[in-house]
Amino acid sequence: MGAEFVALSLTPILIGVCVSVACALPGNFLLLRRQALIGDAISHVVLPGIVVAFLLTGTVRTGPMLLGAAGAAVLAVIAIEAIRRLGRIESGAAMGVVFTAMFAGGVLLLERSDTSSVHLDVEHALYGNLESLIWLDATGWGSLIDATALAGLPVELPRMALALLVVGAFIALFWRPLALSTFDEGFARGLGLRTGPLGLALVVVSAIAAVAAFDAVGSIIVIAMFICPPAAARMMTNRLGHQVAWSMLFAALAAIIGYVLAGYGPLWIGASASVSAAGMIATVSGIILAVAAIAGPHRTRGS
Amino acid sequence: MLGDALLLQLGYNATLVTVGAALLGVAAGVAGTFLFLRKRALVGDAISHATLPGVGLAFVLMVALGGDGRWLPGLLLGAAVSAAIGLLCVQGLTRATRLGEDAAIGAVLSVFFGFGIVILTVVQTMTAGQQAGLEGFLLGSTAGMLRSDAILLAVSAAVVLALVLVLRRPLELAAFDPGYAEATGWSLGRIDLVMMGIVLVVTVVGLKVVGLILIVALLIVPAVTARFWTDRTGHVVIIAGAVGGVSGYVGAAISAVAPALPTGPIVVLVGFLLFLVSLLFSPGRGVLASLLMHHRYQRRVHMRQGLLALAQGQPIFEALTRRLMHRAGLILPDGVATQAGQAAASKALLDETRWSLVRADTSFAAAATRYDGLTPIEDVLTPDQLRDVDGRITAPKVV
């Protein structure tokens with residue numbers, strides 16, 4: 001646990017924790033509102049948004065990518081709502097039509113255009129490349145207070161920390177209205193809360209978390225973290241505050257254990273190469289959920 | 001070139017794949033309709049993502065046993081087993097815990113997919129895994145398929161389609177009228193199980209064609225598309241099957257001409273195109289039809305209000321009403337009624353008077369429910385009844 005750890009593993013783990021917590025936080029409310037699959041839909045439609053942004057600007061800089069992804073997310077929400085109303089189609093099916101079509105469009109655009117010069121492909125979009133976000137300038141724990149070394153931090157870390165900050169601030173600021181409108185929308189509206197814009201804001205904040213995370217770790221962690229930690233936390237308690245705290249703990253645990261298992265686990269059993277960290281983090285979050293579903297004190301309805 | 005592909009002129013393999021994809025599309029469209037009508041469309045997404053660990057583990061196992069890891073039947077068997085475990089997890093989480101089905105679906109699909117990715121990275125480090133081509137299961141790849149695989153695809157797609165058609169009756173019953181199905185002795189739980197089994201088989205057969213990320217589209221899009229064209233039980237199933245079949249057929253044909261592109265997205269986009277056309281142009285529920293209907297309704301309301309105003313000698317100020325009535329030759333540009341306008345106005349007033357009498361009389365309760373301010377009363381009452389009503393209009397005048 002020395003210099004090598006700081007340079008090769010510390011930053012990916014920190015980024016993983018930021019991603020996981022940033023997704024798990026809004027996930028709590030989406031889960032309670034029965035909108036758990038919004039995270040799934042958002043992370044699929046981000047792909048065409050990013051591809052279109054790349055085709056328009058010719059770069060993979062963060063600004064255009066984020067704009068493209070956000071635009072695609074908004075377009076998807078509008079399209080889902082339009083199909084649901086016009087065709088009187090159940091929202092799950094409307095969602096299925098929109099996100100598969102947009103993802104398919106994104107894949108074809110990607111395959112048709114020349115992206116060989118940049119790091120943009122379908123596999124990367126699905127499971128990212130957490131392992132590559134290493135901190136080459138680090139020489140040991142001392143680098144954490146060394147300004148020149150800190151300047152070499154992978155850009156994903158401050159970006160993800162910022163996203164986490166935005167998400168956290170939103171949840172903290174709107175805690176009471178969010179809780180009220182989640183549990184009793186009619187009552188919240190009676191108090192004069194504007195539940196419609198609030199619900200949309202929650203989706204937008206989720207999209208911010210998803211888009212920021214997408215670039216660093218791919219969509220699979222995003223979907224897992226929107227759902228698994230909050231779902232496991234839901235089995236632990238009946239109080240919203242406690243549930244959110246549990247979900248943050250579970251998310252961070254999944255990120256750390258998952259990364260360590262992916263990076264070092266194969267070495268322990270004698271294999272030479274590591275396995276996908278994104279996949280392993282999702283797997284660990286699933287194991288946490290399974291344990292909670294089997295042994296959580298509040299796992300059944302009405303307990 | 002594409003013409004050749006569509007006419008099945010690209011050789012034996014491509015023909016088998018195209019026909020297989022079409023059969024698969026029909027089966028997926030029909031099976032997906034039942035899933036859609038039971039409001040469980042996205043369960044298919046959990047099932048399909050849950051196939052990935054099975055594919056990877058089957059490859060590892062077959063290589064460990066000294067065989068060829070790419071043997072398709074073995075891979076598909078592995079896919080089916082892990083998809084079944086995923087399905088059980090969804091049902092277990094929904095039944096035994098407080099989680100909703102949406103959360104259970106999301107949890108299973110992301111965790112199984114994540115675990116599958118872990119296995120895929122293990123496969124890539126194996127010497128036999130370098131050209132495993134398991135990535136083809138993510139988005140589908142039909143180009144350069146082995147002869148035996150193409151035959152397997154076509155035959156299994158035909159078998160699935162036959163299975164769906166044989167089991168159609170109970171599935172239809174459960175989808176369209178669950179109450180009646182239970183009353184006539186079917187067990188809904190068992191029918192749902194059969195439905196999930198069929199969806200699972202469709203998914204597994206479709207892995208190589210559409211890929212596990214997008215196969216759910218082949219289950220949902222045809223059913224949603226069909227809903228735009230009809231409300232009748234049998235017709236929804238037939239149209240969905242046709243949409244699915246066309247998507248599979250055209251998608252596979254295009255893919256045969258453009259082998260560099262993954263097949264799945266093409267199939268899905270062909271289906272989506274059919275959906276878009278339906279969304280815009282289908283009669284009844286389509287956007288265009290809705291707009292036209294709204295437009296027509298708006299004109300009728302304006303016309304009616306204008307005529308009633310004329311009959312009561314009130315001036316009309318509303319611009320659209322004036323324009324409509326002038327175009328119909330009912331008023332002059334200055335708002336004065338023409339002869340035809342006066343006739344139409346007094347007829348509208350008579351209609352309204354008759355209606356108000358009918359609605360006040362409880363013995364006409366059934367007819368009164370048809371009142372919407374637009375329907376002429378002659379459409380609702382018989383001439384005898386009308387005479388009766390008219391008698392009452394004049395009665396007060398006599399007194």
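Helix axes are taken here as lines fitted to C-alpha atoms over the stretch in contact, with angles between N-to-C directions running from 0 to 180 degrees. The structure is a predicted model, in which local features need pLDDT of at least 70 and side-chain atom pairs count only at pLDDT 80 or more, whereas totals for chains, interfaces and linings use all residues. Residues are numbered from 1 along each chain as its sequence is written, chains are lettered from A and ligands numbered from 1 in the order in which they are written, and side-chain values use heavy atoms, without hydrogens or water.

Between the chains, helix α4 (residues 91-112) of chain A packs with helix α12 (residues 215-227) of chain B at an angle of about 120 degrees, the axes lying 9 Å apart. Helices are DSSP runs of H or I with at least four residues, numbered from the N terminus. The angle therefore makes α4(A) oblique to α12(B); angles under 35 degrees count as roughly parallel, over 145 as roughly antiparallel, 65 to 115 as roughly perpendicular and the rest as oblique. This crossing of α4(A) and α12(B) is left-handed, a term for a near helix turned anticlockwise from the far one by less than a right angle, with right-handed used if it is turned clockwise. From α4(A), the contact (heavy atoms within 4.5 Å) involves A:Ala93, A:Gly96, A:Val97 and A:Thr100, and from α12(B) it involves B:Val216, B:Ala217, B:Ile220, B:Val221 and B:Val224. These residues comprise 7 nonpolar, 2 polar and no charged, where Ala, Val, Leu, Ile, Met, Phe, Trp, Tyr, Cys and Pro count as nonpolar, Asp, Glu, Lys and Arg as charged, and the others, Gly among them, as polar.

Within chain A, helix α2 (residues 38-57) and helix α10 (residues 195-217) pack at about 55 degrees with axes 10 Å apart. The helix α2(A) is therefore oblique to α10(A), and their crossing is right-handed. Residues A:Ile38, A:Ile42, A:Ser43, A:Val46, A:Leu47 and A:Ile50 of α2(A) meet A:Val203, A:Ser206, A:Ala207, A:Ala210, A:Val211 and A:Phe214 of α10(A). By class, this contact has 10 nonpolar, 2 polar and no charged residues.

The axes of α2(A) and helix α11 (residues 219-234) of chain A come within 8 Å and cross at roughly 165 degrees, so α2(A) is roughly antiparallel to α11(A). This crossing is right-handed. Here A:Gly39, A:Asp40, A:Ser43 and A:His44 of α2(A) meet A:Ser219, A:Val222, A:Ile223 and A:Phe226 of α11(A). The contact has 3 nonpolar, 4 polar and 1 charged residues.

Over all chains, the structure holds 17 salt bridges, each defined by a side-chain nitrogen of Lys or Arg within 4 Å of a carboxyl oxygen of Asp or Glu. One of them joins A:Glu185 to A:Arg189, with the closest N and O atoms 3.4 Å apart. Both residues lie in helix α9 (residues 185-190) of chain A, 4 residues apart, about one turn of the helix.

Terms used:
Helices (H or I, at least four residues) and strands (E, at least two) are DSSP runs, numbered from the N terminus.
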